[in-house]
Amino acid sequence: MKSTRRETTREFLTRQFQNIVHFFVEDWFISAALGFITAIFSIFIDMGIEYLIHFRNYLLETLEQYNNYAAFLGWVMYITGLVYVAALVCYGFGKQAVGSGIPEVKVIIHGFVLKNYLSGKTLIAKMIGLTLTIGSGLPVGKEGPFVHIGAIVASLLNKVTAACQYNAFFSNEGRAMEMLSIGCAVGIACTFSAPMGAVLYGIESTSKYFAVKNYWRSFFATTCSAMLFRFAIAFFVPQHIAGTITAYYQTYFPNEVFVVEELPFFICLGIMTGLLGALFVYYHRRIAFFKKRNRIFQALFGKSPILFTACCAAIFAVLVYPNGLGSYVAGKYTFRETLVDFLSNCTLWKPNNGSEGCPPHVLEHWSGPEGDMMPINSLLIYFLFYFIIVPVCITLYIPSGIFVPCFVIGACGGRIFGEIISMIWPYGLRGLGQPQIYPGLYAVVGAASFTGSVTHSLSIALIVCETTGQLCALLPVLIALMISNAICAFLQPSIYDSIIKINGYPYLADLPPSRISVHQMKVERIMVKDMYYITRDTTYRELREMLLETPTLRSYPFVTDSRSMTLLGSVARKYLLYLIQRKLGPEPELFGHRRSYRTPAIKRKIVSRTASEIFSTIHNLRRGSLGANGGLHSQANALMTDRNISGNTLLPQSPLHEDQGDRSPLAPLLYAQTNQHEPIVHSLAKRAEILSKKLDMEEVAIDPAPFQLVRGTSLYKVHTLFSLLALNHAYVTEKGRLVGVVAVKELREALSNIYSRGAVVPRPRVRSSTFRLNHEQDLEQQILNGHTDTGEPTVIRTPRVTIEAPEDLIQNSENGEPSGQNKDNEKHS
C-alpha cells in the first residue's frame with residue numbers, strides 16, 4: 001500500500017498563509033470597509049444637509065429685512081427648486097433611487113434582483129437626491145435611503161472582490177445576501193448612531209430568516225461605522241454644525257421617571273399608537289392607489305411625476321412659511337429641533353418660572369405667532385398636519401425615508417398625551433412630594449410605539465435607548481411598543497410590505513397573526529392542475545410548441561408518461577432552449593419579446609417582457625449574462641452554469657450541483673457552450689424529420705431532486721417553506737404521482753386579501769393558448785410524404801403567436817398587483 005506524501009514545511013506555511021489572508025479579507029476587511037465607506041458617505045450627506053438648511057434660514061432672514069413678499073417668494077422658490085433638482089437627478093441618473101429603498105432591498109434579499117437597484121449610478125442619484133430633499137426641509141427621513149446606500153456599497157464591494165472568485169466564498173449566493181444584510185444594518189447605524197439597534201432593525205426590516213453566523217459581521221461593520229462617525233465629528237466636521245448632524249437625543253430623566261400606577265397610561269398610549277399606525281399605513285396606500293388609478297390625476301401628472309413633485313413641494317413651502325401658517329406648525333424648525341423639544345424634561349403648560357416649566361425659548365416654538373396660543377393646541381395642529389402631509393411626501397419622485405417622520409409624529413402624539421395626563425394630575429399620581437409626571441417620557445414612548453407599529457419592528461426599543469442614552473424608559477417603551485405592534489400587525493401590513501404590494505413586486509409578505517384560514521386551506525386548493533410536462537415520448541415539435549406557448553416558465557417537470565404521471569425530475573427551460581437550438585438551428589421566435597394578448601372584453605395589444613428581462617438571478621447579474629436591454633442576442637448567448645440550469649427549484653440541494661468535474665452529467669453541455677459554431681441551417685425536409693423525432697433523454701440534464709409538496713400541506717407551511725428557501729415554485733405529488741404545481745403567483749393571489757377576507761382560493765386559470773401552426777405542420781407532412789422538396793436550405797418561421805390571456809393579466813387588481821409585465825415574472829402555467 002502506497003504511503004501518502006507528507007506535506008513539506010513550505011507547503012504547510014503557504015497554505016496557512018492563504019487561510020489567514022482569506023480569513024481577514026473575507027470576514028474582517030470587507031465588513032470594515034463596508035462600515036467605513038458608508039460612514040464617510042453619511043458624514044458628507046449630513047454636512048450637505050446642514051449647510052442647505054442653514055442657508056435656507058439665512059436667506060429668509062436676509063430677505064425679511066427688505067420685503068416680506070420677497071422673503072415669502074424666496075422661501076417657496078428655494079424649497080421647490082431643491083426638490084425639483086432632486087427629482088431631476090433621480091430621473092437622469094437612476095429612477096431606482098426614488099423612494100425609501102428598504103422594500104426593494106427586502107425583495108432583493110429574498111431572491112429577486114431588481115435591475116440597476118444596486119448600481120453605482122443609483123448610488124450617486126440617491127446621495128445627491130437625498131441631500132437636496134432633506135436640505136430643502138421636506139418632511140422625509142433618511143434611514144430608508146441609507147439602508148439602500150449601504151446595500152449598494154455592499155454589492156459594489158462584492159463586485160470589487162470578483163478577482164477572488166476562485167474561492168467559493170465570494171461566488172456563493174448566500175454570501176451576497178449576507179453582505180446585503182450587513183449593508184442594511186450599517187445604513188441604520190449611520191442614521192441613528194446606534195450600532196446595536198441598527199443590526200436588529202436591519203434584520204427585522206429586510207429579512208424573514210437571518211443566519212446567526214452573520215451576527216458578528218453585522219456588529220463589527222456597524223461598530224466600525226459608528227467609530228469613524230464619532231471620530232470625524234470630533235476632528236473633521238466644523239464645530240458649528242458638529243452637534244447637529246448626529247442623531248443623538250440625550251435625555252435627562254431621573255431614575256424613578258415613572259411609577260407603577262402609570263403603566264395603564266402606557267398601555268392606553270400603545271393602543272392609540274397602534275390604531276394610528278394602522279391608519280397611517282392605510283392612508284398611505286390609498287394615496288398611492290389614487291395616483292395610479294385616478295383618471296384626472298393621470299391626465300395631469302401621469303407622464304410627469306417630476307411636475308407633481310414640484311407642485312407638492314411648492315404647496316408644502318407655502319404651508320410651512322414661518323411668517324404665515326407655518327408659525328402654528330414650527331415651520332422654520334427641522335425635525336431634529338422639534339424632537340429635542342418633545343423629549344425635553346419639562347412641562348409646557350406650567351409657568352416657565354417654575355422648576356418644572358419649560359424655558360422661554362422652548363415655549364416660543366409652540367405659542368403661536370403672537371405668543372397667545374396654548375402649546376398643547378399648537379402640538380395638536382403639528383401632529384395633524386404632519387400625519388396628513390408625510391404620507392403624501394413619501395410617495396413623491398424623490399428619495400424619502402419613513403422612520404424619522406414617524407418617530408417625530410409619534411413623539412408629538414406622546415407629548416400631547418403626557419401633557420394632558422400632567423394637567424389632570426399636576427402633582428403626580430401619588431401627590432405632592434412624590435415622583436411627578438414627565439411628558440417627555442410619554443414622548444419617548446409614543447415615538448417608539450408609533451414607529452414600531454408602522455414598521456412592525458421591536459428593535460425600536462433598543463434604538464431609543466441608544467439615542468437617548470438612558471435605560472430608565474425601557475419598560476414603558478417595551479409595553480407600549482409590543483401592544484401597538486400587535487394591533488397594527490393584526491389590522492395592516494408594515495409600511496414596507498404595503499409599498500411592496502403597491503409596486504407589485506413578487507414577494508411573499510409576512511402572514512398576519514391569528515389567521516385560521518391559512519392553517520385550514522390546503523395546497524391542493526390553490527395549485528395549478530393543468531400543467532405542461534415532458535415525457536419520454538415528447539417530440540421536438542411538441543417541445544418547440546410548448547416552449548413557444550410558455551415563455552415565462554423556468555422549468556418543466558419530467559414524468560414517465562401521461563397516464564401514470566410519476567415525477568422523475570425537472571428540466572430547466574434554459575437547457576431546453578439550448579437543446580432546440582443545437583438540433584434545429586436559430587429559433588428567433590423562442591427569444592422574441594413581443595406577444596400580443598387578446599380578450600373578449602379588451603381588444604388591444606400589450607407589449608410585455610419575459611421574466612428574465614425584468615428579474616434575473618444574482619449569478620446572472622454578476623456575470624453579465626443579460627445585456628443592457630435584455631435583447632435577443634444577450635439571451636441567446638447567455639452561458640449556462642451548474643448553478644442556474646435547474647430552474648431555481650432548490651439550488652443548493654440538487655445532485656446536479658455536486659462538484660464532480662468531468663464526471664458531472666452537465667459537463668458535456670457546459671463545455672459545448674464554449675465552442676463557437678456556425679449557425680445550423682437545415683433543409684425543410686431535414687427539419688421536419690428532426691421535429692418528428694422523440695427527445696433523447698440520455699442527452700437531457702435532468703434535476704432529479706426538485707422541491708415537492710404533498711396535497712395536504714397547509715398554506716401556512718407552504719408560505720413558510722417558500723419564504724425560508726426562496727422558492728419560485730414547487731411540484732405537488734401524491735405517492736410519487738405529479739398532481740399539480742404551485743408557484744409564488746398562486747400563493748400571492750391566495751393571500752392577497754389576507755387582512756380583510758383571509759386566505760381565498762384564487763380564480764382558476766384554463767389553458768387558452770392557441771397556435772397557428774397548422775400550415776407549418778401540413779407542409780412538413782407533405783415533405784415527409786415526398787410531395788414537396790425544394791432542395792434548398794429553408795428555415796420555417798412560425799406565424800405570430802396569439803395568446804388569449806386571462807382578464808386579470810390585463811386589468812389592475814384592487815390590491816395593487818401588477819398587470820402584464822410584472823405578473824409575467826411569476827407566471828408559471
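Colleague: In which helix is Trp28 found?

Modeller: Trp28 is found in helix α1, a helix here being a DSSP run (H or I, at least four residues) numbered from the N terminus. This is a predicted model, in which local features need pLDDT of at least 70 and side-chain atom pairs count only at pLDDT 80 or more, while totals for chains, interfaces and linings use all residues. Residues are numbered from 1 along each chain as its sequence is written, and side-chain values use heavy atoms, with hydrogens and water left out.

Colleague: Why is Trp28 called partly exposed?

Modeller: Buried means under 20% relative accessible area and exposed over 50%, with partly exposed in between (1.4 Å probe, protein chains only), so Trp28, at 31%, counts as partly exposed.

Colleague: What makes Phe55 and Tyr78 a tilted aromatic pair?

Modeller: Rings of Phe, Tyr and Trp (its six-membered ring) pair if their centres lie within 6.5 Å, and planes under 30 degrees apart count as stacked, over 60 as edge-to-face and the rest as tilted; the count by this rule comes to 26 pairs. Phe55 and Tyr78 are 5.8 Å apart centre to centre with 45 degrees between the planes, a tilted pair. The pair links Phe55 in helix α1 with Tyr78 in helix α2 (residues 68–93).

Colleague: Why does Tyr78 count as buried?

Modeller: Because its relative accessibility is 12%, Tyr78 counts as buried.

Colleague: What makes the pair of Phe280 and Phe450 edge-to-face?

Modeller: Their planes stand 80 degrees apart, at 5.8 Å centre to centre. Phe280 lies in helix α10 and Phe450 in helix α17, so the pair ties together parts 170 residues apart in sequence.

Conventions. Helix = DSSP H or I, 4+ residues; strand = E, 2+ residues; numbered from the N terminus.
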